[in-house]
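Student: Please take a close look at a single part of this model. I would like one connected account of that part and of what surrounds it.

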Amino acid sequence: MDYLWRDLILAPGGARGDVSPPTVAKVLNVALALVLLIVLVWVCLVSLHFNWTVVWDYRVDLFKGWVITVEITAVALVLSTLGGFVLALCQRSFVLPLRYFAKVLVEIVRCTPLLVLIYLLWYGLGGALGIGNDWRYIMGVLTVSLFEGAYISEIFRAGIESVGKSQIESARAIGFTRAQTYRYVIIPQAFRQVLPPLVGQLVSLIKDSSLLSVIAIAEFTQSAQQASSTNYDNLETYFALALGYLVLTIPISLWSRWLERRFKYET
Amino acid sequence: MKLSLQEVVKRFGTHTVIDRVSLELDGVHCLALIGPSGGGKSTLLRIIAGLEYPSSGAVALNGRSIEYHDEALLRHRRSIGTVFQAFNLFPHLTAFQNITLPLEKVHGRTKEEARDLAEGTLRRFQLLDHSHKKPAELSGGQRQRVAIARAIAIKPQVVLLDEPTSALDPEMTAEVLELIEELKQEGRDLLLVTHEMGFARRLADRVALLSEGRIAEIGPPEQIFGASQSEVTQGFLRRVLKY
């Protein structure tokens, strides 16, 4: 090994930080961070005399909840992406009522805590409409989709705006209609800008869906709460919960970072 | 080309960029618009290209008056070729696709027709070896030549060029100017906004000098560059030809 200690601890190029450290240094430092975290968890476990039987006894329920979280996320991903796209287009519409409705909606949704939004839509709107228990999941998924859709519409808007004015001018000069300009010029170019943050938003979506537990949707968090409520020993199940979410979110987060790097080099 | 401008005015807010410009040209093959920056050359070209609405006045190209509403302008823009200073090409498409896309989607050509037209044009401009490259892989001069190839592949009635070499270094400028000269020799009608005085002089059969939104002088290049009667023209040429 030719590496000096210095190379393993300090990034080449110093504080400029624009040079990637050697792979050995990366692996070692990630391992170091993980070891530190594991030690921390271990200390907690030892001092609190954890009892994992509850987690084990409820493993089937926990797994069912985990699957429902995956399902909710998958449906909400499609809905929020579509909704976000429509909202982004509406925000750029030349029909002013449409444009400002979209803008106001996005702003209000983004500035409201998701927890509050879930209560308001389920007990408020749901109550007013008199919808029953069958609608609980649908309403839950719609609420999360609306919330994430508002953020996604901002991602799309930024992506569309990243396509230069000169490109739109060029499309006009060629004789493209507005729809053709979107189809052939704006969307393909905005796509590479949008994809990494969009995938990143999926991580938020997965995490945020845990709040649906407050309206008794039997997703992952709710199933963990059920398990822990039997003997009031809820910490163990929360460890399991964290693990179950991390299994989903970390790969997606890494994927988002990878996409970001790939598209950066291509342009 | 036949070009008729009647009392064309363009205002941006309170600022008048084109101030009652009138013009009647017939049988001109290359009109060069020259003049100081901010004089209104580009705006006038954009009005003729159908990219900008005049505030008032009338424009007719080749005997057909341009109606300034969206649908008619779309048709008008499809009948002419426009080349800008830079950023003409779509960066996510190859040179070849940049040419075929409008042929297929705007002009209703089949895939095969579009391919043949694009290949033919690229070959003529010695760009065939670069047809699979994205704009980022091309030099500035090559990019501009592909842009011109795209503009003429649709067989436009007129090609409008808005400072096509202003973003290029001298060597690339030469390569693009040569290509434009070729177009002229092929008998294609050109309308050119340029800062290249030598080029305007050699290529144009009519030169118009725009200053402060008005045509200070218009005439054949020998008159403008040799025997100008206008003080504005003389002052402008003295300034740009000094170095």
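**A residue in chain B and its setting**

Tutor: I48(B) is buried, because 25 other C-beta atoms lie within 10 Å of its own, and a count of 20 or more is what the term buried requires. The model is predicted. I48(B) belongs to helix α1 of chain B, which covers residues 41–48. Apart from its neighbours within four places in sequence, I48(B) is in contact with V59(B), L61(B), L160(B) and L191(B). Another pairing to look at is that of I48(B) with V8(B): the two are 40 residues apart in sequence, while their C-alpha atoms are 10 Å apart in space.

Now the domains. Chain B is assigned a domain 1, made of 1–80 + 158–243, and a domain 2, made of 89–155. Taken over C-alpha atoms, the centres of domain 1 and domain 2 of chain B are separated by 25 Å. Where the two domains of chain B touch, domain 1 contributes 11 residues and domain 2 contributes 10 residues. On the domain 1 side, helix α6 of chain B (residues 170–185) supplies the largest share, 5 residues. That side of domain 1 of chain B consists of 8 nonpolar and 3 charged residues, with no polar ones.

Chain B also meets chain A: 16 residues of chain B are in contact with 15 residues of chain A. On the chain A side, the elements giving two or more residues are α8 (165–174) and α9 (178–208) of chain A. Of these, α8(A) gives the most, with 6 residues. By class, the chain A side that touches chain B has 6 nonpolar, 8 polar and 1 charged residues.

Methods. Residues are numbered from 1 along each chain as its sequence is written. Chains are lettered from A and ligands numbered from 1 in the order in which they are written. This is a predicted model: local features need pLDDT of at least 70, side-chain atom pairs count only at pLDDT 80 or more; totals for chains, interfaces and linings use all residues. Domain bounds come from an automatic or database domain assignment. Two residues are in contact if their C-beta atoms, placed from the backbone, lie within 7 Å. Helices (H or I, at least four residues) and strands (E, at least two) are DSSP runs, numbered from the N terminus. Ala, Val, Leu, Ile, Met, Phe, Trp, Tyr, Cys and Pro count as nonpolar, Asp, Glu, Lys and Arg as charged, and the others, Gly among them, as polar. A residue is buried if 20 or more other C-beta atoms lie within 10 Å of its own, exposed if 12 or fewer, and partly exposed in between; C-beta atoms are placed from the backbone.
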